[in-house]
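User: Hi! I'm new to this one and would like a friendly tour. Could you walk me through it?

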Amino acid sequence: MKKLWGGRFTGSAEEWVDEFGASIGFDQELAKQDIEGSVAHAKMLAACGIITEEEANEIVQGLKKLEQQAEIGELEYSAKLEDIHLNLEHHLTELIGSTGGKLHTARSRNDQVATDMHLYLKEQVADIIGLITNFQKALLLQAEQNIETLMPGYTHLQRAQPISFAHHLMAYFWMLDRDKQRFIDSMKRINLSPLGAGALAGTTFPIDRQMTAEMLGFDGIYENSLDAVSDRDFILEFLSDSSIMMMHLSRLCEEIILWTSQEFQFIELSDAFTTGSSIMPQKKNPDMAELIRGKTGRVYGSLMGLLTVLKGLPLAYNKDMQEDKEGMFDTVKTVRGSLKIFAGMISTMKVQKENMEGSVKSDFSNATELADYLAAKGVPFRKAHEIVGKLVLNCIEKSCYLADLPLEVYKDMNPLFEEDIYHALNPYNAVERRKSAGGTGFSQVKKQIEKAKASMKM
């Protein structure tokens, strides 16, 4: 098969070399975007008098037929034609004849592929923003149902203070909100058109780059042709935003895995998001949470891989940059799948309220209430901290909890303790009293949820 760039060459590569250098095995994913960009380019060429209206119409009609074939999987791709651009141009020329060869006037594969990826990420990031919103709605619905559900709050994976389960879930809502804002902000860099930059230096033809940018729905154009064809910041930003979000998802995965264990028994996941064991009949494994936790690593890998590819490249385009696509495609697939799984997993999750609330009655997570109690009566907090520490040690030695100690023991430690100490030690009261802005107090959690719903227009 004759190379479309082969005029200068007298020899040909061996088949395995062609296969090693080809990207068609993965960049056929960009067929839709490549055709979309080509349609806009052909119309612009005609509008600028570079080709005739008849030629442009013939090219556009041919491209539309190729798009239909691509959608139903009828297009055949060859590694000998290297990439999606040359494969489509070959098919177009076969379909409409030599007029198809005019499509590549005033452009290069360098600006063509960059345009394809901008179009691809523009569409995918918009979808990902929608999927984040769906996940946030699932978190909000669970939070609304669990405002007064108590659970231990942890630091260092040690029980620290009782909190509202809704408050815990809302922490992830706001993480996701920041993730969403990062993706939204990235659209300003994604939504730029490199088309018309040529190989690196622009073109001598009187093209209209603003016209193609507008036809493709871009906000503007790259102002420098070298930058236009060599920039992959928009992909790096997408991979970075995805990595941060996957880190957030992975943290929640870790907690879900802990919460479903026999040791915690805080939640039960739907059968739709769990699996069994081939040997142990009793098992119900949180495999989807484990998979998302594991897939986080591959998203990080895609980011680090592309950063490493780009770090030593001189301007403008280099073949190394062919390595920008597979990690991007894989990350899109991973992120979309993870968000869909999480929305379903959270919305169908059963909260074991009694187990959660029982756990805060059999620990020392209410110890801070005692220190605050004394501090409110004028005892320096450091002194109050020491007194409560001794009370906790007393309980450990007696195998009981703070609420079990008689008032006499408290008064021996400090006469300021009164009967109302037992009210302060009640986990429900301990949570309700934390009314500072952003705190776990029920009234504050309700405000938080209302603010979140308003931001989501729910």
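**A first tour of the model**

User: Let's start with burial. What share of the 458 residues counts as buried?

Analyst: Of the 458 residues in this predicted model, 50% count as buried.

User: And what is the secondary structure made of?

Analyst: The protein has 19 helices and six strands.

User: How much of the contacts is between residues at least 24 apart?

Analyst: Taking contacts between residues at least 6 apart in sequence, 76% of them join residues at least 24 apart.

User: Time for single residues. Where is glutamate 369, and is it buried or exposed?

Analyst: Glutamate 369 is in helix α14, which covers residues 367–376. Glutamate 369 counts as buried because its relative accessibility is 1%, and the cut-off for buried is under 20%.

User: Which side chain does glutamate 369 make a polar contact with?

Analyst: The partner is arginine 433: the two side chains make a polar contact at 2.9 Å. Leaving out neighbours within four places in sequence, glutamate 369 is also in contact with other residues, among them Gln161, Ala424, Ala430 and Arg434.

User: Switching topic: which peptide bond is cis?

Analyst: The bond from leucine 315 to alanine 316 is cis, with omega near 5 degrees. Most peptide bonds are trans. Alanine 316 sits in the loop between α11 (287–310) and α12 (325–347).

User: Which residue is 8.6 Å from alanine 316 in space, C-alpha to C-alpha?

Analyst: That is aspartate 231, which is 85 residues from alanine 316 in sequence. Aspartate 231 lies in the loop between α9 (225–230) and α10 (233–259). With a relative accessible area of 8%, aspartate 231 is buried. A polar atom of the aspartate 231 side chain lies 2.7 Å from the backbone nitrogen of aspartate 233.

User: Back to backbone angles. Which residues have a positive phi although they are not glycine?

Analyst: Alanine 106 is one of them, with a phi of about 65 degrees. Histidine 156 is another, with a phi of about 55 degrees. Most residues other than glycine have a negative phi.

User: Where are they, and are they buried or exposed?

Analyst: Alanine 106 is in the loop between α5 (84–96) and α6 (109–144), and its relative accessibility of 9% counts as buried. Histidine 156 is in the loop between β1 (150–155) and β2 (158–164). Histidine 156 is exposed, with a relative accessible area of 77%.

User: You mentioned α5. What does histidine 91 do there, and what does its side chain reach?

Analyst: Histidine 91 is part of helix α5. The side chain of histidine 91 reaches the backbone oxygen of glutamate 76 at 2.6 Å. Histidine 91 is buried, with a relative accessible area of 15%. Not counting residues up to four places away in sequence, histidine 91 touches Leu66, Leu75 and Glu76.

User: How about alanine 40? Which residues is it in contact with?

Analyst: Beyond its neighbours within four places in sequence, alanine 40 is in contact with Thr212, Met215 and Leu216. Alanine 40 lies in helix α3, residues 31–47, and at 4% relative accessibility it counts as buried. Alanine 40 and glutamate 214 are 174 residues apart in sequence, yet 9.2 Å apart in space, C-alpha to C-alpha.

User: Last one: where is aspartate 330, and which side chain joins it in a polar contact?

Analyst: Aspartate 330 is in helix α12, and its side chain is joined to that of arginine 298 by a polar contact of 2.8 Å. Aspartate 330 is partly exposed, with a relative accessible area of 21%. Aspartate 330 and methionine 44 are 33 Å apart in space, C-alpha to C-alpha, and 286 residues apart in sequence.

Methods: Residues numbered from 1 in each chain as written. Predicted model: local features only at pLDDT ≥ 70, side-chain atom pairs only at ≥ 80, totals over all residues. Heavy atoms only, no water. Helix = DSSP H or I, 4+ residues; strand = E, 2+ residues; numbered from the N terminus. Buried < 20%, exposed > 50% of the residue type's maximum accessible area, 1.4 Å probe, protein only. Contact = heavy atoms within 4.5 Å. Polar contact = N/O pair within 3.5 Å; in protein donor to acceptor, adjacent residues only side chain to side chain.
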